[in-house]
Structure formats: C-alpha cells, structure tokens
Amino acid sequence: DGRVLQVNLSPGGVPKQPVERAWVGPLGLDGDAHHHSTVHGGPHRAVALLAIEAIERVQADGHPIEPGSVGENLTTSGIELARLAVGTRLAIGDDLVLELSAPANPCDVIKGSFREGKSGRISILTHPDDSRMYARVLADGEVRPGDPIRVLPPSADSQAEIHHLLDVLDGVDRDAWLAMWRAAAAVGYDVRILERGDAAAAACAELPGSVFNRAFGLRQIPIILPELLDLYRAARTTGWLVAGLDAPPFPGAVGERPVGVHVGDIATVPDATVEGLDIRPIEPGEATRWAELFVAGFGIEGPLAGAWLRFAPILAKARGYHQVIARQGGREVGAAAMFTRRRVAWLGAGTVLPEARGRGIQRALIAHRARAAETLGCRRVMATAELDDVSAANLTSMGIPRIWSRTHYRFDPAVD
C-alpha cells in the first residue's frame, strides 16, 4: 500500500505541474493533454504513474529529474510500481480504480530530465525498477495528493495481458501492411498513406476494396478517428476501419468480415510435413511468379490482381519480408509470405491452389515459416484469419490460438 504524492497535469509537454485535485475518466485526467496524442493517451494509456522511489534512485545517479518532469500524472510513494505485473489494480482514494497496462517507453520529449539527454535511464529494459507505468481506468474518480493507494491483484476477467501483447502484435501487423502499401505506391499507384504513432492507414481509389483502403490503430488511439475519416473523404473512396468487435468507431458503424488475431510461442509450433512437398524461398526474379500463385490461390480479380503482379518485385525487397513457394510432384501448389519484426513472425498471404487443397499443405506452410523465423531469432508467431474458417482451424491446430477478435467497419464518405 502507498499514497499519491503528487497529481500532475499539463496542456501538453513536460513538465506536468502539480494540482490539488483532478477527475480521472476513461481517457485520463481532466485538463491533461499531450503534444503527441497518437503516442500517449487513449484508453489503454490513460494515466501515467511513476514512483518517487524510482525518481530518487535516478536523482542519485546525477540526473535532474523531479516529480512531474517526465510527464507522469501521478507520482506515488510507498509502492515500487514498475515491479508490479501488468493487470495489477490500484484502488486510489474513495472511487478511482486503475489497472496497470504497460511500461511507458522513454522518448526525447523528456530528455531534459537526464544528463546528456539519456532518457533510457527509466527504460523498463535497462532499469526495470525505475520505469514509468501506464494504466487504464476501471472506475472513474477523483484523485488528490495524500490519497491512499491499495494494491489489488488482477481481476479474474482482466484482459490487461492480452492488450499488452496486442500492442506489440498490432505494431508488427501495421508494419507489414505499410510495406505492401509502399510497394504499390512505388510502382505508381496513388496510395495515400497516413502514419500517426500507433495508427496507419491507406486510401487508394484506383484499387477499391479493403486491402488498400484500410486503417489500423483505433484500439490504442481512438482520437485518430476524425483524421482517418478525412483521409477517405479526401481520396473519395470507401475505407475500412479495423477495431474490436464490440468497439464500433462511430454510431451506426457495421462490422464486416470479422477476423481473429492468432499468436503462439514459436518454439511450440509443431513440424508438419506432406509427402513430396518441397517449400523453398523464392529465387531472384520469382517475385512475379509468387504473386501469380497468390492471386490464383485467393481468387483475386480485376485491378487488384494486376496491382499485385506490378508491385510484387518491390515488396519482395522490403526489409523483413520473406516469400516461399510450395511445389509437389513437380508442380507449384501454394505460396506464402512472412514478415519479421520485433522478434515476431507475421504469417501472411498463405494460400494453396484449389486443386491441391485437403492435403495438409497449409499446415506445412505454417510450420516451415515458423522454423525459418526461429532461426532469425523470432520468439512468437502471429497471423490473422477469418473466424471459424479453415485457416483459423489450421492455425489453432498448429499451436497458434486466437487471442482477440476484430472486424472491419466500413466508412463510405458518399453516404456517411
């Protein structure tokens, strides 16, 4: 148990200044703001906390840090916050309840509180006792200096660990899509790409459909919604906003094509072999052939099929992108891709030609990419698949279960 030492607010930037009281709601403290609202804030990073014990240790190393100077909303005493597990609840004062959601990564905004600007002194990776912590708000309430803090275990239905993991997975997923959008833009398509912290979106009227008109990031930073809608208005094309099944981004939004987010420990993905099946990375010059197999396997038609053939050679050169072709009996029967980032292997674009389905080839493609990613130092494997379809069943059978579900909310600027 501990106490609130100081409550800190600012209209943006640091230092945050002490106040006598503040109301705390789902998006944080009333009157508080951020200059970088696509990185800080949002429902999963509503409140930032830092223990005075950590501040004093950092001060002892000669850094000019003070309560509020690194942007924490609540400076606490009596609790080693950074040692608490994600999901731990903090009951503060009479009504307020917070749930620790993630460590807060240091950035250049707070470098003035450190000798030579070395804000990594409060990184969870290098100094695990001295990190700031983010929290989501489970119960609204007022907070004041001196309020008692009771440390409570995670609730039985807590999804804090899942959201903490999703923060990593969503970043990898987003980067994989950005690589594809940039490849299409590089060959001349008018792909309008928006990147704002945890959000990324693309709009392309030339390529209708959700693949090149999709937006990520609303789970973390719903504040980005107006900017996303303006992107599709300006491009005069329909967009699809990716968000949770129970989190429509605007009134009346209807979800389409719900998908599951699957993740597993890469070391536990079993091997899967098929007699006579040979899976190999593509050779130089085979990117277009890979795209032909991909288009055939997924039944892609029209402008989008042509686009894949055009930008495939560019995408094949993207950092972290890997492609394989499967052959059986001297015939090409499937194709798949993998994107590696942050020690996570994103499995995408896996398809088997219709005449070769039902032989276990998709599971073999999953296993092959998992083994390849393991040699690259990846620890987790992730993929998305439509709910309850064959791909989802194959992922689950290969030790990559679904941990989250999301859907695509259509926004048509011509009617909305």
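I looked up what helix H5 packs against: its buried residues contact helix H2 (160–186), helix H4 (287–298) and strand S18 (321–328). Contact means heavy atoms within 4.5 Å. The model is predicted, so I kept its limits in view: local features need pLDDT of at least 70, side-chain atom pairs count only at pLDDT 80 or more, and totals for chains, interfaces and linings use all residues. Residues are numbered from 1 along each chain as its sequence is written, and side-chain values use heavy atoms, with hydrogens and water left out.

I listed the buried residues of H5 as Leu304, Ala305, Ala307, Trp308, Phe311, Ala312 and Leu315. Buried is under 20% relative accessible area, exposed is over 50%, and partly exposed lies in between (1.4 Å probe, protein chains only). Helices (H or I, at least four residues) and strands (E, at least two) are DSSP runs, numbered from the N terminus.

I checked the length of H5 (residues 302–315): its 14 residues should span 20 Å at 1.5 Å a residue, and the end C-alpha atoms are 20 Å apart, which agrees. The expected span is 1.5 Å times one less than the number of residues. I noted a kink of about 35° at Leu309, shortly before the proline Pro313. The bend is the angle between axes fitted to the seven residues ending at a residue and the seven starting there.

I then traced the sheet. Eleven strands form an open, mixed sheet in the order S12-S13-S14-S15-S22-S16-S21-S20-S19-S18-S17. Strands S12 (192–196) and S17 (277–281) are at the edges with a single partner strand each, so one side of each has no neighbour in the sheet. The twist averages 25° from one strand to the next. Axes are lines fitted to C-alpha atoms, for helices over the stretch in contact, and angles run from 0 to 180 degrees between N-to-C directions.

I examined S16 (residues 255–265) and S21 (residues 380–386), which pair in the antiparallel sense over seven bridges. Two strands pair if DSSP finds at least two bridges between them. Val263 has Met382 of S21 as its bridge partner. Helix H6 (residues 361–375) packs on the sheet, touching S17, S18, S19 and S20, and its direction makes about 155° with that of S20.

I turned to Asp198, in the loop between S12 and S13. Asp198 is buried, with a relative accessible area of 16%. Its side chain and that of Arg45 are joined by a polar contact of 2.4 Å. A polar contact is a pair of N or O atoms within 3.5 Å; within protein, one must be able to donate a hydrogen and the other to accept it, and residues adjacent in sequence count only if both atoms are side-chain atoms.
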